[in-house]
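This briefing concerns a single structure and is arranged by topic. Please read it alongside the sequence and the coordinates shown below.

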Amino acid sequence: MTDMQPPTTGAGLVQRRIRHAISMLRNIEETATPLGLVVVDGFDPSTDWLRAEDLLAFIASAPRGGVLWCGPEPTFGTDDAMAFNSLRDSESLVRDARSLAQVVAEAMAGIQVDPAEAWGEPELITLAGGRKLVVGPQLRLVTQASTTIVDDSWTGFLPPLPPEWEALAFHGFHGLIGGSRLASDGIRRGFAIERDFEHPLWERIVKALAHHQSERGAIVLHGQSGVGKSVALFRLALKARDAGHAVLMAHGRMPQTGDVYEFLQAVDELGGTTLVIADSTAAPIRYDELLGSFRSSGHRVVVVGSCYRVEDPSRIGAERAIEVPAVLSQGEQTRLMQLVSKHVPEAMPSIKDVSRSEHALARFYRHLPESRGRIAEGLGREVLLTEQELRVRGARPRPRRPATALGLALLEAGFGDADIPLFPEDPADDASAAAGRVIDIVMAASRLFKSVPVALVLRAVSSDLMLPNGATDTNLLLDLFGGQDLFRWSYGDGEGSDLLIGARLQIEAEIVCNRRLGGPQGEAEALIGLIHCAHRAGPEGSDETRFVADIVQALGPDGPAGDRYRDQFADVARALTHLRERNGVLNGRLMLQESALRRAYVRRHMDLVPDVKAALLVEAMTAVDGALQAIDEGAGRIHASRRTREHLLVERAATYGYLATDSAQRTVSPGRVWSSYKAARDAARLASSRVETYDPLDISLWVPGRVLKDAQDLSPEQRLELKADILATLDLVDPASLDPTQLAIFQRQRLSVSQVLEDASIGDDAFAALDAAGSAVGYYLRARALAPLRDGGDGPLGDAIVERASAAATYLSQHYDRISSDPRCLQLLLGMEWIRSTRRWLFKGLRQPLPHLRDDRIRAKTVLLDLGIAQLEGLQNRYRYLQSVMNWLEGSEDVAIRMWRELDHETRFVEAGRVLARHVITDEQQQPVTFSGIVERQIGGDRWSIYVEAIGRRVDLVAGSFPNEQLAIGRTVRNFAIAFNYRGPIADRVSARRSAR
């Protein structure tokens, strides 16, 4: 109760004042934190019970702008005035002569700001036009399995930091510590310079977001390591977010379509466009495939990816490839030196000397770690010292950890040594010792821009570093690697469960590899030894599986080193085979790489002994056949994605093609050559029926072309079969649908096969021989000679072309009983009938007319039915789609809907054009027929079902295609056409169709 009484003495008053002042100031400090603002108003140092020296001492540690001092200028004593002015000069204290009441009143009279929005809400994404997407826990959990959602909090309030905290944040940012969010915060704090290429990059992205449907593929940022690609992509994410676009960010891994589907759908329903940024340093084709999988569901998406420097950007497309130059411009040098002088002034002389070289940024990064004082005189000396230190630490005895209860009991009974060294003793004491292998493995992987799971490194060196459950002993890990500046650590996933180890810089890894491993063979051997120990790989989604697949891809021909390891391709493939056969590691992607690397080895070693070449191809065939068989068997043996299965089918076709061409080159018996070719043709047809890309068609061109060129003892009938196969494949290729790389490959293939086709005409004797043998090749070649040559347009065809198509169709129809089981003849007949009835090339362009006459539709339906029977491997997706359309038009609505559902499911995330309107119902003048319909129900999201009374059918309607319609059950929608895509019939705005045409 003594505190309730006034002090009776001067000393008691001082004690009471100090006790209350300290308590109050401490509470203010704890409440405000560095995020808050402390406001001082009405304080008079001459009359206030709180002493000025106590208050000034408290606010001395405030961050910049952390104190607002309102009211008249205070009058201090000499010492207090000096402290006050010092705080004002450092900008920690801001003066305002107005009172706090005036400041608040004037602020309230100005622009009103929602406090919640000003700070940024992590559950909210504000899109352009003020539309808001609320990201619930379930949506965030699913989406962030492979990406990071850039929400409003990324661009919200950024708390100021005291100087010492800012220094730690700066080093943490450049040390890649803390993940994507801290990286973006570091960019907002100015911890990285903005390079010149970022402005044209942003302009290109703005254009792509405004016209996302016109983009032919992903936008790729390419350049060597350490030049600012990742920083530019994080800054791009922030700019796009500020502009009102939804942004998903993936760093170090590819986004999975299934994970982000619901998020993209939610953004689509709000009319927004999503920018997906994948900083995965993957091949450009991977980003194109990712965009295609998004478009297959009709999402409004732009994809931006990163990769290492591409020598020929035209292979991607000049408008899609943006190069990051290694050398800094004059302005970039100035900005870099300003950054260095502010945060690491001691590095100024060193960085200034190399500011114009391609290693300027790398030199900047090297000077950042706090432990840089321990760096030895040179990198080679540092490596030797690190190896020596690892050996010393590894030799220290540690308690043995038995894996079983029996082992523990035996150890307690006195059997065996209780303490053992981490690394096994190696009397040779050279680079092959355990400590040296750690360095070799990490540097070899880092040379290929890959960090290694630390658990895998330790398993490859010593099993005693692992706990009984296979996990890494964290204490031993810290004891072994603590303080070693040669390595850098990162996390392979957002949860921080996968710890990776890599080199400090890629250029350092390259230097170390050159000095220690002597070239590509030594580097490959170090990584092959690591692959042998990856016995925990196998399950799809496993971190170890992902690393093995990534490191093998990096070692292969499509990796950053190109053909550097070409002499080791077969050894790497056999390491994967060993992993599968000895450790039971079954994975579709890894088995795909087994085959692909063997083929790559054969392709790059033309002087192989024939038996060695044949053995490699048989091994490749065994791997890919085994993968497909294990997938088909199910029962949990292999769970592969649809994309992996497609790649396996293409790889199988290519491998069988290599076997066929190898047989032709080895001049074996004609019967063996022909059987090998037929097996390759069947494999290519199977791949073509399941894969909607150019790859299987390319195989169908070069395999018969090379067999025709190299096999000299084939019969005339067999050579005509080969020529017919080439011509039939050429008819299936639409050059306008190919990307620049595929188009260049096709043009080379077309030129190559033209040299072996020569005269594809057929004489009467050969025709009679083929007909007697039951072959329809003669009919195909004669009809093909009558048919028009395919041109590049998708508009109405001229009379001359229609007449030639009619002649070819009539000829084939007259001999239908002889050609009804030959896929080549049936495909040609269908194409010619289509020209005769619609004056258009089949499958050429969008919103094309359908046959108006019922007889024409019935003939097309009959040919499609026989084509499905003739192709035992199944119809291609586009023919399945056309079959569904014909069934729907002829009244078999239930059958058509069932077929569309199967097609929709099988092409989801795979076929980019599955939601495009391919055909439309037209009249005899080939103009769209307009309909009206009544809205029956909402299917989900922005999709509605409409009943069209005029034809007694139901069609889907996408609300985004009818922005001016107020959709509700029972309302009538007028003036639309009926179009078709891989999902079924859809209502199509007539005005949109006319503008597209």
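Is Arg-516 buried, partly exposed or exposed? Arg-516 is partly exposed, because its relative accessible area is 22%, whereas the cut-off for a buried residue is under 20%. The model is a predicted one.

**Salt bridges**

- The count of salt bridges comes to 45.
- Arg-516 pairs with Asp-440 in one of these salt bridges, with 2.8 Å between the closest N and O atoms. Arg-516 belongs to helix α21 (residues 506-516) and Asp-440 to helix α18 (residues 434-447), so this pair ties together parts that are 76 residues apart in sequence.
- Since Arg-564 is in the loop between α23 (543-555) and α24 (569-583) and Glu-523 is in helix α22 (residues 520-532), the pair ties together parts that are 41 residues apart in sequence.
- Arg-564 is partly exposed, with a relative accessible area of 27%, while Glu-523 counts as buried at 0% relative accessibility.
- Arg-857 and Glu-890 meet through their side chains in a salt bridge, again given as 2.8 Å from N to O. This pair links distant parts of the chain, 33 residues apart: Arg-857 is in helix α37 (residues 854-870), and Glu-890 is in the loop between α38 and α39 (893-907).
- Arg-857 and Glu-890 are both buried.
- Salt bridges with shared partners join Arg-681, Arg-685, Glu-721, Asp-725, Asp-822 and Arg-824 into one network.
- Side chains of opposite charge can pair when their charged atoms come close.

**Cavities**

- The structure holds 5 cavities of 30 Å³ or more.
- The largest cavity contains about 300 Å³ of space. Its lining is made up of 21 residues, and those closest to its centre are Arg-681, Arg-685, Ser-700, Thr-729 and Leu-732.
- Four helices, α28 (670-690), α29 (695-710), α30 (716-732) and α36 (823-838), each supply at least two residues of this lining.
- Helix α28 provides the largest share of the lining, with 7 residues.
- By class, the lining of the largest cavity has 10 nonpolar, 7 polar and 4 charged residues.

**Second largest pocket**

- The volume of the second largest pocket is about 770 Å³. It is lined by 36 residues, of which Leu-727, Leu-730, Asp-731, Arg-784 and Arg-790 are the closest to its centre.
- At least two lining residues come from each of α30, α31 (740-757), α33 (777-786), α36 and α38 (877-889).
- The lining of the second largest pocket divides into 21 nonpolar, 4 polar and 11 charged residues.
- Helices α30 and α36 each supply at least two residues to the lining of this pocket, and each also supplies at least two to the lining of the largest cavity.

**Nonpolar surface patch**

- A nonpolar patch on the surface is formed by Leu-37, Val-39, Leu-100, Val-104 and Met-108, which together have about 420 Å² of accessible area.
- Helix α4 (residues 100-109) gives the most to this patch, with 3 residues.
- Val-104 is located in helix α4 and is partly exposed, with a relative accessible area of 43%.

**Selected backbone positions**

- Val-301 is in strand β10 (residues 301-307). Val-301 counts as buried, because its relative accessibility is 2%.
- Val-301 and Val-247 are 54 residues apart in sequence, and their C-alpha atoms are 9.7 Å apart in space.
- Most residues other than glycine have a negative phi.
- Phe-843 has a positive phi, near 65°. Phe-843 lies in the loop between α36 and β17 (848-849) and is buried, with a relative accessible area of 16%.
- Arg-847 also has a positive phi, near 50°. Arg-847 lies in the loop between α36 and β17 and is buried, with a relative accessible area of 18%.

Terms used. Residues are numbered from 1 along each chain as its sequence is written. This is a predicted model: local features need pLDDT of at least 70, side-chain atom pairs count only at pLDDT 80 or more; totals for chains, interfaces and linings use all residues. Side-chain values use heavy atoms; hydrogens and water are left out. On a 1 Å grid over the protein atoms alone, a cavity is a set of points where a 1.4 Å probe fits but cannot get out, and a pocket is an open set with protein on both sides within 12 Å along at least five of seven lines; lining residues have an atom within 4 Å of a point. Grid points are joined across faces, edges and corners, and a volume is the space filled by probe spheres set on the points. Ala, Val, Leu, Ile, Met, Phe, Trp, Tyr, Cys and Pro count as nonpolar, Asp, Glu, Lys and Arg as charged, and the others, Gly among them, as polar. Patches are made of residues with over 30% relative accessible area and no salt bridge: like charges are joined within 9 Å, nonpolar side chains (Val, Leu, Ile, Met, Phe, Trp, Tyr) within 5 Å. Accessible areas come from the Shrake-Rupley method with a 1.4 Å probe; for residues, only the protein chains shown count as cover. A salt bridge is a side-chain nitrogen of Lys or Arg within 4 Å of a carboxyl oxygen of Asp or Glu. Buried means under 20% relative accessible area, exposed over 50%, partly exposed in between (1.4 Å probe, protein chains only).
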